[in-house]
Amino acid sequence: MTSSSSPSRKTLSKIATNRLQKELMEWQLDPPCGFTHRVSDNLYRWIIDVIGAPSTLYAGETYQLQVDFSDHYPMDAPQVIFLHPAPLHPHIYSNGHICLDILYDSWSPAMTVGSVCISILSMLSSSTAKQRPADNDRYVKNCRNGRSPKETRWWFHDDKV
Amino acid sequence: MSVDEEIISGVMAEVEAVLAMYGDDCCIIRAEFPPHLTVHITPRTAEISSQQFVEAVIGIEAVVKYPEEPPCIYILDSKGLDYKRQQHLIKSIRSKSCDLSSCFMFVALCEDAIEIISEMNYPEGECPLCLYPLYPENKDSIPQPFMKLMSCFHCFHSGCISKWCKWLQQQNDSEGNENTHVGNCPVCRKKFSSKDMEQVGNFLETDSTLLAYNESDSEDEKEFLQCDTENIRRNFFDLTLEIQRKRSGLFEPMKPISIFPRMFLPESRIPVDTISDTSVGSYGEGVHVLAEETTLTTFEGPTEVRKFKNSNSRRSRSYYSKTERKPPPNKKWIPKEGSTSGNSVP
């Protein structure tokens, strides 16, 4: 049977598709410094390689971000997590969840994958200690059933890192 | 000397004319000869402030030899104009001033500037929400309506910003927020002013038909592409194609179907039955059987033929039991044709 008979394939709204195609096109023309988008045919899940900025704690290290877009993108924030192994950072949990307000409450549809990536790199770069958040174990245990970080009620208290 | 005086009084009269025309928009920097003034230029088409996307303050400084030599023209300040458009504005006014040399040209230059800026009264760049140009670069394409937030002057397609407002409202509703906070600018987070909400409301009202149409259009499309009959149609097509490929030629049974529509009726019932309880695969069988029924003796290996016959005889029996017309099971296909034709007589 051919592809036409597989209804499971994810279909997304025209708005989300147009916007993502545009973003991908612009990314390919002018990728943000320090990031590489892994080529794939899935427009709704981007895997992005992040290279730690020079002269920071993460210099030369490479991590992977996974960005998932919903049907309501860009109104709805994308889900952004680090794939294993997540960088050691006071705001990044060992399961890859990132405590960063723009990914949740402060999301704005004027932000793009590129601007989110830059925010995350800047968060990494300003870190002064390679350590997990204090409540890492408790949080990760609570997320064991595969909960999305978007369902977490985040507290954003630290504006230094 | 008298010629000079004549020129000077002419120039001064000109300055007064500019003052009279532009009032508060005009600012005299040097009143005595050679005069120097600035004029705040806004698009002629922008009587409604929400429809103003650009403005500029241009300076005109006459030289000693004015009007023999054109005055010095510069842009003091501008909004909504990038370098390219600023250059376009200034170059156009300068070339106009050269054309008019030895005439009193202050008023003409200001009017020219207004003309040019009126033509440029559209926001620049892309809508921050959909990332497509606010104003089509290609003049043939139809421009989408756009609007400016009054509080911060950020521009969006009206449709895009309205969707954002609607989304925020939905989120608030679903979270049961009593908060009447209506939203903020996606770019700078400044709170929407009441005027902005009014604009969005107006847009949604006037264009709700358009919006609703677009939405339902895509919804309909999705629904149509996923609906059962469409899926069945596609499966049928795929199977037909497969059989055609296998036989490297046209699928012969298509002919009897079109000639005898009654033969089609039991055939179409089989897949509905089977699809409900099993899978697409059994529908596949149904189609194969149809192929066999009409071209019984010509092709396929005998083992395969038998298999299909068996699997289908059960099904056909159940169908006939429903319609209370039981052909002997041994006779299989040929009597069935007889029975359908018999059916057509009354």
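Visitor: About how many helical turns separate A:Glu23 and A:Arg19 in helix 1 of chain A?

Guide: First, a caution: this is a predicted model. A:Glu23 and A:Arg19 are 4 residues apart in helix 1 of chain A, so about one helical turn separates them. Their side chains meet in a salt bridge, with an N to O distance of 2.8 Å. Over all chains the structure holds 11 salt bridges.

Visitor: What does helix 1 of chain A lie across?

Guide: Helix 1 of chain A, residues 14-29, lies across strand 1 and strand 2 of chain A. Its direction runs at about 30 degrees to strand 2 of chain A. Helix 2 of chain A, residues 113-125, also packs on the sheet and touches strand 1, strand 2, strand 3 and strand 4 of chain A. The direction of helix 2 of chain A makes about 35 degrees with that of strand 2 of chain A.

Visitor: In what order do the strands of the sheet in chain A come, and is the pairing parallel or antiparallel?

Guide: In a regular strand the side chains alternate between the two faces of the sheet. In chain A, 4 strands form an open sheet in the order 1-2-3-4, with antiparallel pairing. Strand 1 (35-37) and strand 4 (79-82) of chain A stand at the edges; each has a single partner strand, so one side of each has no neighbour in the sheet. On average, neighbouring strands of this sheet are turned by 25 degrees against each other, direction ignored.

Visitor: How many bridges join strand 2 of chain A to strand 3 of chain A?

Guide: There are 7 bridges between strand 2 (residues 45-51) and strand 3 (residues 62-68) of chain A, and the two run antiparallel.

Visitor: What is the strand order of the open sheet in chain B?

Guide: The open sheet of chain B has 4 strands in the order 1-2-3-4, and the pairing is antiparallel. Here the edges are strand 1 (26-30) and strand 4 (72-79) of chain B, each with a single partner strand, so one side of each is left without a neighbour in the sheet. Helix 2 of chain B, residues 83-99, lies across strand 3 (55-61) and strand 4 of chain B, running at about 155 degrees to strand 4 of chain B.

Visitor: Which strands of chain B form a hairpin, and how many residues are between them?

Guide: Strand 1 and strand 2 of chain B form the hairpin, with 5 residues between them. These strands run antiparallel and are joined by 4 bridges, strand 2 of chain B covering residues 36-41. B:Arg30 stands opposite B:His36 in strand 2 of chain B.

Visitor: What kind of peptide bond joins B:Phe33 and B:Pro34?

Guide: Most residues other than glycine have a negative phi, and most peptide bonds are trans. The bond between B:Phe33 and B:Pro34 is cis, with omega about -10 degrees. B:Pro34 is in the loop between strand 1 and strand 2 of chain B. In chain A, a cis peptide bond joins A:Tyr73 and A:Pro74, with omega about 5 degrees. A:Pro74 is in the loop between strand 3 and strand 4 of chain A. As for phi, A:Ser55 has a positive value near 55 degrees, and this residue is found in the loop between strand 2 and strand 3 of chain A.

Visitor: Finally, the interface. How many residues of chain B are in contact with chain A?

Guide: 20 residues of chain B contact 25 residues of chain A. The area buried between the chains is about 2,000 Å², and carbon and sulfur atoms give 61% of that. B:Leu131, B:Trp167 and B:Arg189 supply 27% of the area that chain B buries against chain A, more than any other three residues.

Visitor: Which elements of chain B give two or more residues to that side?

Guide: They are helix 4 (158-175), helix 5 (194-226) and helix 6 (228-246) of chain B. Helix 6 of chain B gives the largest share, 5 residues. The residues on the side of chain B that touches chain A divide into 12 nonpolar, 2 polar and 6 charged.

Visitor: How many salt bridges cross the interface of chain B and chain A?

Guide: The rule finds 0 salt bridges there. Across the interface of chain B and chain A, 4 residue pairs are in polar contact, both residues being at pLDDT 80 or more.

Conventions: Residues are numbered from 1 along each chain as its sequence is written. Chains are lettered from A and ligands numbered from 1 in the order in which they are written. This is a predicted model: local features need pLDDT of at least 70, side-chain atom pairs count only at pLDDT 80 or more; totals for chains, interfaces and linings use all residues. Side-chain values use heavy atoms; hydrogens and water are left out. Contact means heavy atoms within 4.5 Å. Buried area is the accessible area (1.4 Å probe) that two parts lose on being put together, summed over both. A salt bridge is a side-chain nitrogen of Lys or Arg within 4 Å of a carboxyl oxygen of Asp or Glu. A polar contact is a pair of N or O atoms within 3.5 Å; within protein, one must be able to donate a hydrogen and the other to accept it, and residues adjacent in sequence count only if both atoms are side-chain atoms. Ala, Val, Leu, Ile, Met, Phe, Trp, Tyr, Cys and Pro count as nonpolar, Asp, Glu, Lys and Arg as charged, and the others, Gly among them, as polar. Two strands pair if DSSP finds at least two bridges between them. Axes are lines fitted to C-alpha atoms, for helices over the stretch in contact, and angles run from 0 to 180 degrees between N-to-C directions.
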